[in-house]
Amino acid sequence: MQELSIFLKSLIPVRLEIEVGVIVAFCGTVVNYFLGQWSPLLETLIVFMFFDYITGVMSAWINPHKKLDSRKGWNGLKRKGVILIMVMLGHFFDNAIGQNDLTRNIIALFYLGNEGLSILENVANCGVPVPQKFKDKLAQFADDKVMRK
């Protein structure tokens, strides 16, 4: 009988579990409101953004022609924030005109492509072999970046 009462007491959440649960639920609700329904596309975009940042740091650490710079790191994180703001704006635009995440998904796919190219560029800067077709695309992308500046 005592074992049963111990087991039942263990099922009752403690204060910390309740507080953490409330915080996680609140954050999930806010993210759902601003980004719309969670989808594999959003998950992929966020994963690509994470790996772009990580490979960028590794590229600066490994490549002797680059150096780690905290300002560049913060600017990269700010850019990731702006990308998420653009995805949020696409979600709200879709809500305003009654579409089903079309604009949000187009924006997310655009930035997903940019993040993918950036990851490839960072990997190439780390000295990891990259197929020639990817290198050609990276060179074209880098030329476009220089022309825009």
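At 33% relative accessibility, Phe-34 counts as partly exposed. This value comes from a predicted model. Tyr-33, with 52% relative accessibility, counts as exposed, because the cut-off for that class is over 50%.

The rings of Tyr-33 and Phe-34 also face each other as a pair. A pair of aromatic rings is described by the distance of the centres and the angle of the planes. The count of aromatic pairs in this model comes to five. For Tyr-33 and Phe-34 the centres are 5.1 Å apart and the planes stand at 80°, so the pair is edge-to-face; the cut-off for this class is over 60 degrees. Another edge-to-face pair is formed by Phe-110 and Tyr-111. The table lists the values for both.

| Ring pair | Centre to centre | Angle between planes | Class |
|---|---|---|---|
| Tyr-33 and Phe-34 | 5.1 Å | 80° | edge-to-face |
| Phe-110 and Tyr-111 | 5.0 Å | 75° | edge-to-face |

Tyr-111 has a relative accessibility of 17% and therefore counts as buried, since buried means under 20%.

Phe-7 has a relative accessible area of 47% and is partly exposed.

Technical notes:
Residues numbered from 1 in each chain as written. Predicted model: local features only at pLDDT ≥ 70, side-chain atom pairs only at ≥ 80, totals over all residues. Heavy atoms only, no water. Phe/Tyr/Trp six-rings, centres within 6.5 Å; stacked < 30°, edge-to-face > 60°. Buried < 20%, exposed > 50% of the residue type's maximum accessible area, 1.4 Å probe, protein only.
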